[in-house]
Amino acid sequence: MRHSTLLQRDCRQARRILGLWLWIAVFGVGVWADDLAGSASALPAGLSETERQTLQKETNPKDHLDACLKIGTSRLATAVEAVKQERYETAAQALRVYTGLLDYTHGYTRQTAKEKVRQHMLRKLETTLRQQLPVLEWMVNGMPECHEGCARQALNRARSIRRESLNAYFGGEFLRAGDPPTE
């Protein structure tokens, strides 16, 4: 009698452990698949439908990067024109999209499989950001305090991505976080 009670209890524990393991495995795989799909196709919020279609259409990594940089440059130009016309809310919105696009572009570039293609893309991203940094600095100084945060965030993110791109391209700690970037 005692033997059958122990056997039943062991079977119940084994079923619970197996059920828990299956639940973790199924839930974990679902979350992992969502993360993969989200990281690969999570376009930034605020893009127009034509911008989204342009980015989704480009499957070649170099062309996709070019499309991202072109849209980002366009958003930055929109923000500059809005600041000149003193439409600061429009400029702030364009800068939010620009910052989201920078993050997306940087993540996409870092995920490119081929080393040679990734190096070329990192160099192109860094060069574009180097050209855009003075514009972002001008915007930080040209916007009122209530909207300056968007410009400062875009500037800081551009500097950070540029530094990370240089470090990835040249390897190691080419530029440390405290070093001012060279122009």
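Guide: Happy to! Let's begin with a term we will need: a crossing is left-handed if the near helix is turned anticlockwise from the far one by less than a right angle, and right-handed if clockwise. Please keep in mind that this is a predicted model.

Visitor: Thanks. Which hand does the crossing of α2 and α3 have, left or right?

Guide: Helices α2 and α3 cross in a left-handed way.

Visitor: And at what angle do α2 and α3 pack?

Guide: The angle is about 160°, and the axes of α2 (residues 49-57) and α3 lie 8 Å apart. Angles over 145 degrees count as roughly antiparallel, so α2 is roughly antiparallel to α3.

Visitor: Which residues make the contact?

Guide: Helix α2 brings Glu51, Thr54 and Leu55, while α3 brings His64, Ala67, Cys68, Ile71 and Arg75. By class, the contact of α2 with α3 has four nonpolar, two polar and two charged residues.

Visitor: Let's step back. How many helices and strands does the protein have?

Guide: There are six helices and zero strands.

Visitor: How confident is the prediction, going by pLDDT?

Guide: The average pLDDT of the protein is 81, and 71% of the residues score at least 70. Over residues 29-40, pLDDT stays under 50. Where pLDDT is low, the predicted coordinates should not be read in detail.

Visitor: Good to know. How do α4 and α6 pack?

Guide: Helix α4 (residues 88-111) and helix α6 (residues 145-170) pack at about 20°, with 9 Å between their axes. Angles under 35 degrees count as roughly parallel, so α4 is roughly parallel to α6. The way α4 passes α6 is a left-handed crossing.

Visitor: What classes of residue are in that contact of α4 with α6?

Guide: The contact of α4 with α6 has 11 nonpolar, five polar and six charged residues. Those from α4 include Leu95, Tyr98 and Leu102, and those from α6 include Ala154, Ala158 and Ile161.

Visitor: New topic: is Arg118 buried or exposed?

Guide: Arg118 sits in helix α5 (residues 115-142). Its relative accessibility is 18%, so Arg118 counts as buried, the cut-off being under 20%.

Visitor: What is Arg118 in contact with?

Guide: Leaving aside neighbours within four places in sequence, Arg118 touches Thr109, Arg110, Thr112 and Ala113.

Visitor: And how much of the whole protein is buried?

Guide: Of its 183 residues, 34% are buried.

Technical notes
Residues are numbered from 1 along each chain as its sequence is written. This is a predicted model: local features need pLDDT of at least 70, side-chain atom pairs count only at pLDDT 80 or more; totals for chains, interfaces and linings use all residues. Side-chain values use heavy atoms; hydrogens and water are left out. Axes are lines fitted to C-alpha atoms, for helices over the stretch in contact, and angles run from 0 to 180 degrees between N-to-C directions. Helices (H or I, at least four residues) and strands (E, at least two) are DSSP runs, numbered from the N terminus. Angles under 35 degrees count as roughly parallel, over 145 as roughly antiparallel, 65 to 115 as roughly perpendicular and the rest as oblique. Contact means heavy atoms within 4.5 Å. Ala, Val, Leu, Ile, Met, Phe, Trp, Tyr, Cys and Pro count as nonpolar, Asp, Glu, Lys and Arg as charged, and the others, Gly among them, as polar. pLDDT is the predictor's confidence in each residue, from 0 to 100. Buried means under 20% relative accessible area, exposed over 50%, partly exposed in between (1.4 Å probe, protein chains only).
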